[in-house]
Amino acid sequence: ATHYYLKEISAPAGYQVSTTVYDLVVTETAGAVVSATDNTTYVVTHTTPHTAALTSSALTISEHAATINNSLRTGTLRLTKTVSPIAAASGNFTFNIYSGTNTSGTPLRTVTVAAGSSADVANLSYGTYTIAEDDPGNTENYTYSGVTYSGTSVTSTGVVTFHPAASGDTINVTATNTYTIRTGSLTVSKTVDNHTGDDTQFTFTVKLGGSNYNGSYTVSGTSYTTDNGRITLKDGQSAVINGIPYNTAYTVTETANDAYTTTYSANGASVAGYSVAGTINSTTPAPTAAFTNRYITGSFNVVKKDASNHATLTEAKFLLTGANSFSQEVTVNASGVASFTGIPAGTYTLSESQGPDNYVKSNTEWTVTVDASGVAIAKKTSLLGGIGDFLGLTPPDDFTAPAVVDGTLSMDVYNSHE
């Protein structure tokens, strides 16, 4: 008898090579039944006389004589989840593994992976698979843009050619979710509520994230660029800054203008102080920092009276002068009253520019102050000052202390007959 050994040296794609070695014993009797080492029975025939040169080409193994089973190679798919930018999302993400490229049916496997971690899909057979992630949706501050895949034998859309070289091999795939940070806007508005036609430029400093904002803003559709965070607005104008990333803190501060009082509000809510502050986020994606100014003006009356009997006098005139060539002269009316109204904030000098007929004109001068607290009138200090008082050279006051009468500060000034 002659011994032959049967061994598989290659297997179909994706299958493991059988490690079984078969011992075939061939006798000279055609059709003899022989046994292999695995106790499988084979029918062997030969068509030429048995000689020492007998080779396998002289043997015929019938189609039912031997069956060799091969197992598919299996391996592990290691799926790693990353998020870009890292701060965009956290928690777990769900992936479905489909056999082939059709993702409309029931997934073969489902796996959950935490951001920054990996999960293994074990005992996956040689073949083609598609990875599909459940839509994670947007987060509070970011918009989900999509997922891309990278790694060994995987397309960017998640189709994996899973061909482990040997059973137990691991193939690595990374799924990266990309997010775009959501953005909002900030509006700064200016209103002057009691000064029609006011053309004053008001200056604001805008800080985003703690630093002066250097960038563009629009006013009525026209684009401008800040000057180290500063923007300027007039009555009725609004500045809009777009594209501010969510979770950005903002502060808007108006440069004080002594000619105005200012009230502040953020989204309609009053704010104390000179600034409006807040954060751009999903709750307030487009806040408005509103600044309302009131032009400061003051009014007061001077009443002209006879020094002896306090009867009202007419025909007198008073002159109010101030900075920037301000000058306003008012003639007393039939009731003896000189009314100064709508006087802007500032410091002025008041004097009698013309006395009544047959009366001595007052030589007293007064300082008039108009500010946010109201109007104040005080006698100017004499050139002689305290020395004049001591020597008795300072004439007595020819006026009464200013007092509010019917809502308006009023002062009586007396004149004596010539």
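This is a predicted model: local features need pLDDT of at least 70, side-chain atom pairs count only at pLDDT 80 or more; totals for chains, interfaces and linings use all residues.
Residues are numbered from 1 along each chain as its sequence is written, and side-chain values use heavy atoms, leaving out hydrogens and water.

So what does W366 pair with? W366 and F399 make an edge-to-face aromatic pair, 5.5 Å centre to centre with 80° between the planes. Rings of Phe, Tyr and Trp (its six-membered ring) pair if their centres lie within 6.5 Å; planes under 30 degrees apart are stacked, over 60 edge-to-face, and the rest tilted. W366 sits in strand β31 and F399 in the loop between α1 (385-391) and β33 (403-405), 33 residues apart. Helices (H or I, at least four residues) and strands (E, at least two) are DSSP runs, numbered from the N terminus. F399 is buried too, at 14% relative accessible area.

Strands β31 (residues 365-371) and β32 run antiparallel over six bridges; two strands pair if DSSP finds at least two bridges between them.

Elsewhere, two lysines sit over rings (NZ of Lys or CZ of Arg within 6 Å of the ring centre and within 35 degrees of the ring normal):

| Lysine | Ring | Distance to ring centre |
|---|---|---|
| K81 | F93 | 4.9 Å |
| K190 | F202 | 4.5 Å |

F202 also joins Y260 and Y295 in a cluster linked by ring pairs.

Technical notes. Buried means under 20% relative accessible area, exposed over 50%, partly exposed in between (1.4 Å probe, protein chains only).
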